[in-house]
Amino acid sequence: MDDPVLLTGASGHVGTAILDELAGDYEWRCLDRDPPTDPDDYPGEFVVANVTDEDAIRDAVEGCGAVVHLAGDPRKTAPWDSVLANNIDGTQNVLSAAIDAGVERVVFASSNHAVKHYETERKPDLYRTHDDFRLDGSELPRPGNLYGVSKASGELLGRYYHDEHDLSFVAVRIGNLTKDHPPKDYERGQAMWLSYRDCAHLFDCCLTADYDYEIVYGISDNDRKYYSLENAKEVLGYEPLDNSADWNEE
Ligand SMILES: NC(=O)C1=CN([C@@H]2O[C@H](COP(=O)(O)OP(=O)(O)OC[C@H]3O[C@@H](n4cnc5c(N)ncnc54)[C@H](O)[C@@H]3O)[C@@H](O)[C@H]2O)C=CC1
Ligand SMILES: O=C1O[C@H](COP(=O)(O)O)[C@@H](O)[C@H](O)[C@H]1O
């Protein structure tokens, strides 16, 4: 990817995990609604803008070859007015501007909460190693909250822009990104743990592989798991290094 990559929500946890490893690998254009404490902490240009601001997003995406779209309200308790504006309208603005600017691919931060109700009738067994139930990305969403509905909506917007405008789009249903070690005393979190370095590697794969429209799961190679990594491995070349079982905290 020679053209700039727009990274929305650059100041957050996922943005930090990506930039920690990949700051020097792309020409980044970072964007966040909050100004950075120190712009020198970020590679390239830093754009302060809200993804709900159509004109600002059109300017920000100009000349980019790809967008990694992370910005949004990440709270699983987020109310409808917030996810409607920040997550659904914001994603529509980003995708629409990307198409008009000729952007080739968009990588979208979706979530485990888009499919959380698959767990309802299977927990806690599906969090344990003896259970071989897997979601593989081909299933319909079953959101666990309005935040999950907004993430499923982002996936659907991507589907539309792929089919209508040939945009390469991948939705990464991120599990539980936690720095340094898996969540403690939390089986579900251990089953969907995503380490920082695996996160960066997965988004790197999303920026380099060839695909049309994909939904992949973003977790490390945990012994406990109920999300399949096959699609991410086969389509994107994802090779995770971490496994929550290595921490032996269960
Ligand atoms: N951290 C995790 O384990 C997971 C994260 N995700 C998704 O990944 C994305 C990033 O999550 P985190 O980095 O954890 O969240 P975060 O809250 O740490 O970072 C989000 C960033 O986006 C910015 N932002 C929020 N609304 C914005 C708007 N309207 N316009 C511009 N910037 C805006 C915030 O200022 C913040 O810097 C979110 O879309 C979240 O839903 C999905 C699943 C798991
Ligand atoms: O989508 C998200 O998921 C993670 C993990 O979910 P949780 O139910 O284990 O908390 C969450 O931490 C993050 O805030 C959210 O954006």
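Is Asp185 buried or exposed? Asp185 counts as exposed, because it has 8 C-beta neighbours inside 10 Å, and 12 or fewer is the range for an exposed residue. Welcome to a predicted model of a chain with 250 residues, shown together with ligand 1 and ligand 2.

**How confident is the predictor?**

- The chain has a mean pLDDT of 97, and 99% of its residues reach 70 or more.
- For the complex, the predictor gives an ipTM of 0.99 and a pTM of 0.98.

**The whole chain**

- Seven helices and nine strands make up the secondary structure of the chain.
- The radius of gyration is 17 Å, close to the 18 Å that the globule rule gives for 250 residues, so the chain is as compact as a globular protein of that length.
- Along the principal axes, the C-alpha atoms fill a box of roughly 50 × 35 × 35 Å.
- Of the 250 residues in the chain, 48% are buried.
- If you take the contacts between residues at least 6 apart in sequence, 69% of them join residues at least 24 apart.
- UniProt, in an unreviewed entry, lists residues 5-178 as "domain: NAD-dependent epimerase/dehydratase".
- That span, residues 5-178, is 34% helix and 19% strand, and its end C-alpha atoms lie 24 Å apart.

**Around ligand 1**

- There are 25 residues around ligand 1, and Gly9, Gly12, Arg33, Ala109 and Ile174 come nearest.
- Elements giving two or more residues to this shell are α1 (13-22), α3 (80-100), β5 (105-111) and β7 (176-177).
- Helix α1 gives the most to the shell around ligand 1, with three residues.
- Sorted by class, the shell around ligand 1 holds eight nonpolar, 13 polar and four charged residues.

**Around ligand 2**

- Look for Pro74, Lys76, Ser111, Asn112, His113, Asn176 and Gly189, the residues around ligand 2.
- By class, the shell around ligand 2 has one nonpolar, five polar and one charged residue.
- Pro74 sits in the loop between β4 (66-69) and α3.
- Pro74 is buried, because 21 other C-beta atoms lie within 10 Å and the cut-off for a buried residue is 20 or more.
- Pro74 and Cys199 are 125 residues apart along the chain, and their C-alpha atoms are separated by 16 Å.

- The UniProt annotation "active site", from an unreviewed entry, covers Tyr147.
- Tyr147 has its place in helix α4 (residues 146-165), and His162 is in helix α4 too.
- Tyr147 is buried, with 24 other C-beta atoms within 10 Å.
- Leaving out residues up to four places away in sequence, Tyr147 touches Asp73, Arg75, Lys76, Ala78, Val83 and His113.
- Among these contacts of Tyr147 are Lys76 and His113, which also belong to the residues around ligand 2.
- Why does His162 count as buried? His162 has 20 C-beta neighbours inside 10 Å, and a residue is buried if it has 20 or more.
- His162 touches Leu167, Phe169, Asp212 and Tyr213, again without counting residues up to four places away in sequence.
- From C-alpha to C-alpha, His162 and Leu207 are 16 Å apart in space, and they are 45 residues apart in sequence.

**Backbone details to look up**

- Which peptide bond is cis, with omega near 5 degrees? The bond from Lys123 to Pro124 is cis, and Pro124 is found in the loop between β5 and α4.
- Asp180 has a positive phi of about 75 degrees, although it is not a glycine.
- Asp185 also has a positive phi, near 50 degrees, in a residue other than glycine.
- Asp180 lies in the loop between β7 and α5 (187-191), and Asp185 lies in the loop between β7 and α5 as well.
- Asp180 is exposed, with 7 other C-beta atoms within 10 Å.

Note on methods: Residues numbered from 1 in each chain as written. Chains lettered and ligands numbered in written order. Predicted model: local features only at pLDDT ≥ 70, side-chain atom pairs only at ≥ 80, totals over all residues. UniProt positions renumbered as here; feature names shortened; annotations may be inferred. Helix = DSSP H or I, 4+ residues; strand = E, 2+ residues; numbered from the N terminus. Contact = placed C-beta atoms within 7 Å. Near = placed C-beta within 6 Å. Nonpolar A, V, L, I, M, F, W, Y, C, P; charged D, E, K, R; others polar. Rg over C-alpha atoms; globule rule 2.2 N^0.38 Å. pLDDT = per-residue confidence, 0-100.
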